[in-house]
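Work through the exercises below with the sequence and the coordinates open. Each task is followed by a stepwise solution.

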Amino acid sequence: MQAYELISSTIQGIHPEEDGNRALELMDLYRVNHLAVVKNDFYLGVVSDKEVMNWNSSEEYIEEHLPNLASPHVLFNQHLFDILEVLEQNNLSVVPVLNKKNQYQGVITNRKILYTIANSAAIQSRGGVIVLEMNNNDYSMTEIANIVESNHTKILSSYVISSKESTKIELTLKLNKSDITSIIKDFERL
């Protein structure tokens, strides 16, 4: 899934000549904590409710604070995983989307991302879930897939969690069968 497929049709950007009160009003209306600041179809950055609350007055204009605004974004053809990375790294409620010419196209909300993931075939399908913890060096999706498939089962999705501070990873597998006892036993023998 690419960014352009997830753009919100309702959330508009805010012009830098608007004040903090208007930004807070729109954030409340859209139920987000961030707004894209846009002028003449060009993205200038993201303003957050926390930033506005830290100004001397919420009556100050956004343009006065443009140098302090971060400008995280994704391009219209970037994948869902890239969008998730930008959301997480910047702690955003919306991610601005730009085209090849860096023109503003709209935003993707974190709610839309969650909805998209929740409605994926892998999540909606019945089946079992296995969570494996292993050393990073022992991770081989080929070997894991062989064990699963030797039990006449398919992997619908997988997800890896790793930490920079650890040599371990956690691998979550969603399988197409609910009775996964034999697969668990095969993994326990390793």
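Buried means under 20% relative accessible area, exposed over 50%, and partly exposed in between, with a 1.4 Å probe and protein chains only. The model is predicted, so local features need pLDDT of at least 70 and side-chain atom pairs count only at pLDDT 80 or more, while totals for chains, interfaces and linings use all residues. Residues are numbered from 1 along each chain as its sequence is written, and side-chain values use heavy atoms, with hydrogens and water left out.

**Exercise 1.** Classify E165 as buried or exposed, and locate it.

Step 1. The relative accessibility of E165 is 72%, and therefore E165 counts as exposed.
Step 2. E165 sits in the loop between β7 (155–162) and β8 (168–175); strands are DSSP runs of E with at least two residues, helices are runs of H or I with at least four, and both are numbered from the N terminus.
Step 3. From A3, E165 is 162 residues away in sequence and 31 Å away in space, C-alpha to C-alpha.

**Exercise 2.** Describe the backbone and exposure of D41 and N91.

Step 1. D41 is not a glycine, yet its phi is positive, about 65°.
Step 2. D41 belongs to the loop between β1 and β2, and because its relative accessibility is 49%, D41 counts as partly exposed.
Step 3. N91, also a residue other than glycine, has a positive phi near 50°.
Step 4. The loop between α3 and β4 holds N91; at 61% relative accessibility N91 counts as exposed.

**Exercise 3.** Compare the radius of gyration of the chain with the value for a compact globule.

Step 1. The radius is taken over C-alpha atoms, and the globule rule is 2.2 Å times the number of residues to the power 0.38.
Step 2. For 190 residues a compact globule would have a value near 16 Å, but the chain has 22 Å.
Step 3. The C-alpha trace spans about 65 × 35 × 30 Å along its principal axes.

**Exercise 4.** Which residues of the largest nonpolar core touch the most other members?

Step 1. A nonpolar core is a set of buried Ala, Val, Leu, Ile, Met, Phe, Trp, Tyr and Cys residues joined through side-chain atoms within 4.5 Å.
Step 2. The largest core has 34 residues, and I14, L35, V47 and I83 touch the most other members.
Step 3. Elements that each supply at least two residues of this core include α1 (20–30), β1 (34–39) and α3 (80–90).
Step 4. Apart from this core lies another, of 13 residues, including L132 and I183.
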